[in-house]
Every structure is written in structure tokens, then in C-alpha cells.
Amino acid sequence: MNNLIARAKELLENKIVQVIVGYEAGPTGVARPAFITNPAKADLLIYDERCVQNLAVYLTKPEVRNLGKMAIVATLPVMRSIMMLISEQQIFADNIIVLGVSSDGSLLDIADIKVMQAYIEKSDLGNPVKDRALLVELNKLSKEERFAYWQKELSKCIKCYACRQACPLCYCTRCTVEVNQPQWIPVQSNTHGNMEWHILRAMHLAGRCISCGECGRACPVGIPCHLLTMQLADEVHNYFKVYAGTSEKMSSVLSTFEPNDKESFII
Ligand code: SF4
Ligand code: SF4
Ligand code: SF4
């Protein structure tokens with residue numbers, strides 16, 4: 001932790017970056033994102049078990065980009081998000097410094113993108129353990145039972161789009177749900193339209209979701225929508241043997257074609 005603060009200070013003092021994106025304690029003690037531009041305020045940075053938000057979502061926000069070159073406190077999901085954003089040409093590796101942190105808060109030596117790639121490759125890239133267990137339970141249900149489960153869950157959706165806003169890979173300047181000519185997804189909340197919205201989003205994240213769980217954490221009504229995209233992350237791995245966010249040159253599996261691709265999913 002001390003190493004993280006010292007490094008953040010050094011980067012700001014030497015004007016190598018203009019902003020550090022990290023975590024600080026909010027007034028109630030809950031960890032919240034911090035955007036530190038003054039080296040004297042680097043001491044505000046924290047890193048502990050409260051720091052779960054995927055900060056990579058800020059890398060594409062104009063308000064943060066306008067602050068200048070940034071360094072970002074990066075857990076494994078943040079690093080994988082960065083890889084995805086580079087591969088999708090939303091950010092450039094040269095414009096960002098990665099302050100990698102291990103689960104105990106020690107600063108990792110991520111000197112460049114190759115080192116970050118090596119770190120990602122030797123990590124466990126499957127879904128988080130607690131979500132794996134939930135997916136196993138869901139997959140024990142029949143198709144009809146699973147459909148009924150999701151119908152019930154998604155009928156609670158109030159279409160606030162917090163799940164989308166929290167996701168680092170949902171960076172579109174105009175999301176499909178905001179297109180109204182034609183109106184693909186109904187504005188109002190109803191079970192049928194809610195399911196359309198979630199199926200659409202899950203398909204847009206297929207092969208891109210890095211299993212951070214942020215969308216589910218952001219949902220104000222407790223819908224575990226992250227399980228939809230995590231299920232697809234599993235399917236993509238089963239079919240194509242790839243995990244998202246492992247290479248800066250990765251192409252999304254659903255936007256590429258190989259003659260040898262399995263076609264067993266086409267029914
Ligand atoms: S878990 Fe949710 S927030 Fe995280 S990358 Fe996947 S879809 Fe986005
Ligand atoms: S749901 Fe699809 S269209 Fe909307 S922001 Fe996410 S990826 Fe873009
Ligand atoms: S955050 Fe929850 S309520 Fe809001 S759109 Fe997403 S699933 Fe629906």
C-alpha cells in the first residue's frame with residue numbers, strides 16, 4: 001500500500017501522468033473511485049477488500065480523459081479490461097500507466113503491456129468462484145426452469161441501465177437501447193422488453209466480458225445480470241478456448257470467422 005502511494009506521488013510530482021485513478025474511502029467508509037491530480041493528495045489512496053469496483057470503466061469517459069495522461073490502480077479484472085479496450089482501439093497502451101495490485105494490496109511491477117499480458121496469462125481466468133457455484137446450480141435446471149428463473153428475475157428490471165454504465169466494455173456513445181428509429185428495445189419496463197434488453201446486452205458482451213461482476217453489483221434491484229454474461233464467457237471458452245482480455249491483439253470471437261469454427265450451436 002505504501003509503495004502504491006509513493007509511486008502515485010512520484011508519477012504526479014514528475015508530471016509523468018496528470019491523474020491517478022484509484023480508490024479512496026468515502027465519508028461512510030465505503031471505498032469509492034478517486035481521481036487524484038495533486039501529489040499532496042496521493043495519501044488518500046487506499047487498497048483493501050472494500051476496493052472491488054472495476055475502475056477501467058473510467059478509461060473511456062471523456063470527463064476523465066480530459067484530465068490528461070492517467071495511471072490506474074489495476075486488479076486483474078482491470079488489467080483484462082485494459083487489454084480488451086486496447087484490442088478494440090478505445091485506448092492506447094502508451095497513454096496509460098498500470099499500477100497493478102495483487103489481492104493483498106502490494107504493488108506489482110507492470111512495466112509494460114507484455115509484462116501485464118504475462119501476469120494475466122498465469123492467473124485464473126475463469127469466473128469468480130462464488131459465481132461459478134451459482135452457474136452450476138442454474139445449469140442443473142431444465143431449459144424451461146431456467147427460462148422461468150430469468151423471466152422472474154428480469155421482470156424486476158427498471159431499465160435504469162446502471163449495469164451498462166458500470167461495465168468497462170459498454171462504452172458505446174449511443175447504446176442500441178437509445179436508438180429509437182427503429183425502436184429496437186421498448187423504453188418502458190415490461191417482462192418481454194426487459195428480456196430483449198438483457199439478451200441483447202449479453203450477446204454484445206459475448207467473448208468480451210472479462211467476468212468482473214460489476215454489472216450485477218451495480219444493479220439497484222439485485223438482478224444477477226452478470227451471470228448472463230459470465231455464462232456466455234464460459235460458453236465462449238468451451239467452444240473457442242479463449243478468455244477475453246488476454247491479449248492486446250485479440251479479436252472478438254463473435255466478430256471473426258474461422259473455417260474450422262464449430263457450428264454445433266447453430267440449430
Ligand atoms: S461482468 Fe458485467 S461489467 Fe464485468 S465485463 Fe462482464 S458484462 Fe461487463
Ligand atoms: S449494451 Fe451493447 S450497444 Fe449498449 S453500450 Fe453495451 S455494448 Fe454498446
Ligand atoms: S441495473 Fe438492474 S434494474 Fe438497472 S437496467 Fe440493469 S438489470 Fe435493470
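Reply: Gladly! A nonpolar core here is a set of buried Ala, Val, Leu, Ile, Met, Phe, Trp, Tyr and Cys residues joined through C-beta atoms within 7 Å. Please keep in mind that this is a predicted model.

Me: Which residues touch the most other members of the largest nonpolar core?

Reply: The largest nonpolar core has 63 residues, and Ala8, Ile20, Ile72, Val73, Ile82, Val98 and Leu99 touch the most other members. Helix H3 (residues 76-87) gives the largest share of this core, 8 residues.

Me: What makes strand S1 (residues 19-25) largely enclosed by the rest of the structure?

Reply: Count its buried residues: 5 of the 7 in S1 are buried, so the strand is largely enclosed by the rest of the structure. One residue to look at is Ile20, which touches Ala8, Leu11, Leu12, Ile36, Ala42 and Ala71, leaving out residues up to four places away in sequence.

Me: How do you know that S1 pairs with strand S2 (residues 31-36), and in which sense?

Reply: Pairing takes at least two bridges between the strands. S1 and S2 have 6 bridges, in the antiparallel sense, with Tyr23 opposite Pro33 in S2. The two strands form a hairpin with 5 residues between them, and Gly29 in the turn has a positive phi of about 95°. S1 also runs parallel to strand S3 (residues 70-74), joined to it by 3 bridges; there Val21 stands opposite Ile72.

Me: Why is Ala244 called buried?

Reply: The cut-off for buried is 20 or more other C-beta atoms within 10 Å. Ala244 has 26 such neighbours, so it counts as buried. Ala244 sits in the segment after helix H10 (226-240). Leaving out residues up to four places away in sequence, Ala244 touches Arg80, Met84, Gly207, Arg208, Cys209, Ile210 and Ala233. Ala244 and Cys209 are 35 residues apart in sequence but 6.4 Å apart in space, C-alpha to C-alpha.

Me: Why is Thr176 called exposed?

Reply: Thr176 has 12, so it is exposed. Thr176 belongs to the loop between helix H7 (162-166) and helix H8 (191-205). Apart from neighbours within four places in sequence, Thr176 is in contact with Trp184, Ile185 and Leu200.

Me: What makes Thr176 part of the surroundings of ligand 2?

Reply: The criterion is a C-beta atom, placed from the backbone, within 6 Å of the ligand. Thr176 is in the shell of ligand 2 together with Arg164, Cys170, Cys172, Cys175, Arg201 and His204. By class, this shell has 3 nonpolar, 2 polar and 2 charged residues.

Me: How many residues surround ligand 1, and which are the closest?

Reply: There are 13, and the closest are Cys167, Cys209, Cys212, Glu214 and Cys215. Helix H9 (214-218) and helix H10 each give two or more residues to this shell. By class, the shell around ligand 1 has 8 nonpolar, 4 polar and 1 charged.

Me: What makes the backbone at Ser211 and Gln89 worth a look?

Reply: Most residues other than glycine have a negative phi, and most peptide bonds are trans. Ser211 has a positive phi of about 60° although it is not a glycine, and Gln89 has one of about 55°. Ser211 is buried, with 22 other C-beta atoms within 10 Å, whereas Gln89 is exposed, with 7.

Me: And what kind of peptide bond joins Gln181 and Pro182?

Reply: That bond is cis, with omega about 0°. Pro182 is found in the loop between H7 and H8.

How values were computed
Residues are numbered from 1 along each chain as its sequence is written. Chains are lettered from A and ligands numbered from 1 in the order in which they are written. This is a predicted model: local features need pLDDT of at least 70, side-chain atom pairs count only at pLDDT 80 or more; totals for chains, interfaces and linings use all residues. Helices (H or I, at least four residues) and strands (E, at least two) are DSSP runs, numbered from the N terminus. Ala, Val, Leu, Ile, Met, Phe, Trp, Tyr, Cys and Pro count as nonpolar, Asp, Glu, Lys and Arg as charged, and the others, Gly among them, as polar. Two residues are in contact if their C-beta atoms, placed from the backbone, lie within 7 Å.
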